[in-house]
Amino acid sequence: MEARRIRGRALVVRECGCGAAARRRPPRTSARLRAALCLGLGMGFLSLAGAQYRPGSDKYNETMEEISEGLEYDIKTSEYVVRSHYPELLYPERDQYRYAPVSRADYVVGLIIDPCVGLEHDCCMDTFGTPQYLQLKGSTELSYGDDIHSLTQEVTENGDRLPLAASRRPDDYVLIDETCVGEEDPHSLCIGPLARSAPSDAKPACSDNNATVNALASCLDVAGEEHETCVQVGYSSTSFITQCGNEFTDDPHCGTFLEVHKPKGTFHDPEELVLAEVRLTTESVSGYNTTTLPLHYSPETNDSPYRRVLCNFLDTKIAIGQDWRVAETAPKCCCPYAFRSTDRTGRYMCPRDRSSSLMGPFWGAEDTYYNNRRQELNFDSFPRCPVMDMATDKMYMGDLVTLPDGTTLAYHRPATQDDLSGTYAETCPYFDACGMVDADQSCQGTDQEYDFRGEHGIVSAIHDVEGRTVGVDLSFNNGRTSYYFAVAELEDEQIDMGYNYELWWVERTPSEFVVRKKKPFRIEEPACTFDLTNDRYFPYALITEDGVAID
């Protein structure tokens, strides 16, 4: 009982200087001084506890050890001590990613995959480079083959047209071809009588080859040393590259890393799993620098005689929290004409506010005090949204009413199909006030198209039938509301372009992992190993000791 009584006093120590009571005291003393006061008072209680038993006795030692552990825990977990010396303990889950891409207005980071193909291994050290790509003219499709200038145009990684003056691509060869009669006659390579173009085999240094990576190939680092199953990566930054020093030099939760991830994950692993990584140790660069990135599939298993490497894996599992784009095959709706400020009539979506053009399915996040307050502040504006359930999106109509004295007033009401100027056989699956038409049909009269095609949403629910995913619910507002789409109505740009992995530029801190850039790339070889047990491919290739991939 005495031990319990003294342990209770130890709790008083925590309250008097390191706990709730300390928060009520005016902040006149430093965190270090308050921690010292806790320690001093605690040591006094330790002396009091020891007075019960003869020093050196088993009971004395047991009591002292028990109370010392409790006091040490109380001090270490004090909010003052933790904030000053152990900030990472304030976050129960530190390996969380936050996507915060770099703004061009602040600084620019660049990534180039396999920048020295066919050139010297150090061709991309302190060198200018550009990630530029060939695009077939008249198409959004990228060209990875040997196409001539007249058939292609150069674009940046953002899809912007690259001016000819900024091109580093060598001129085409001119060869004799007796079959050529004239320009593009009888084929597109002809540039005139007896002459045709052929692409040059010369390549500019520090150029991007992110669609033709072979995970079985070895690579050379900037010192010329060879490494197995890896690829060179060029990186650049117009700002300081975050580094960590002293005791955090080798801390895996501190510094700048390049990480390989599988977009949207697989049946085996989530997207957040780091498949391969390399730490950037250069604080600043001039142009591009080069590092080597391993292409093994992490984590490796010690009980297997085979090594695992990345492979040409395109099968993607739909999971909660993934980002998907709505395809052009999704329903197209025809809704009443949009709101007109001139006469205050027409269709509008709720919730909404005056400070943003976003409304309805694209408005706000979860039901928070801030969003509710925004609604209240805009209640007197027109068109206005009435008090409503924030877990829904509603379509309203601004309308006019004429009073007996001839005064015309504007008011709002729920939109209905009576507001449509046309007649439609089917109702829009998103809003009952709208009709639905086929993709090749147009809306009638003053009705206007409303759809989600081309929009990006986050998967909030998955619909399965007999173990097969048939559809998902997508949210366009961080989960406040969601809309159903069949699997055939979803698409992924990177999968469509043949990319199967992403290289993330990550700044790791004690509290979170901040993703500054995502660079898609494609592993072309090897093929993935087939899983006979589950009748599908593994998301990796098994490699024998001889370096042979198992089919």
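1. The chain exposes about 30,200 Å², and carbon and sulfur atoms supply 51% of that. Accessible areas here come from the Shrake-Rupley method with a 1.4 Å probe, and for residues only the protein chains shown count as cover.

2. A quick word on what you're looking at. This is a predicted model, where local features need pLDDT of at least 70, side-chain atom pairs count only at pLDDT 80 or more, and totals for chains, interfaces and linings use all residues. Residues are numbered from 1 along each chain as its sequence is written, and side-chain values use heavy atoms, with hydrogens and water left out.

3. On the overall make-up: the chain has seven helices and 35 strands. Both are DSSP runs numbered from the N terminus, helices being H or I with at least four residues and strands E with at least two. Of the 551 residues, 40% are buried (under 20% relative accessible area; exposed is over 50% and partly exposed in between, with a 1.4 Å probe and protein chains only). Take the contacts (heavy atoms within 4.5 Å) with a separation of 6 or more: 61% of them link residues 24 or more positions apart.

4. Have a look at the open sheet of three strands, which runs E2-E12-E15 with antiparallel pairing. Strands E2 (109-113) and E15 (289-294) are the edges, each with a single partner strand, so one side of each is left without a neighbour in the sheet. From one strand to the next, the twist averages 30 degrees (axes are lines fitted to C-alpha atoms, and angles run from 0 to 180 degrees between N-to-C directions). Strand E12 (residues 230-237) is joined to E15 by six bridges, with Gly234 opposite Thr290 in E15. Pairing of two strands needs at least two bridges found by DSSP.

5. Strand E17 (residues 323-326) is worth a click too. E17 pairs with strand E25 (residues 456-465) in the antiparallel sense over three bridges, and Asp323 faces Ile458 in E25. Two bridges also join E17 to strand E28 (residues 490-491), again antiparallel; there Arg325 stands opposite Glu491.

6. Last, the surface. Val401, Leu403, Leu409 and Tyr411 make a nonpolar patch with about 290 Å² of accessible area together. Patch members have over 30% relative accessible area and no salt bridge, and nonpolar side chains (Val, Leu, Ile, Met, Phe, Trp, Tyr) are joined within 5 Å; a salt bridge puts a side-chain nitrogen of Lys or Arg within 4 Å of a carboxyl oxygen of Asp or Glu. Tyr411 sits in strand E21 (residues 408-414) and is partly exposed, at 31% relative accessible area.

Conventions. Patch = residues over 30% accessible without salt bridge, like charges linked within 9 Å, V, L, I, M, F, W, Y side chains within 5 Å.
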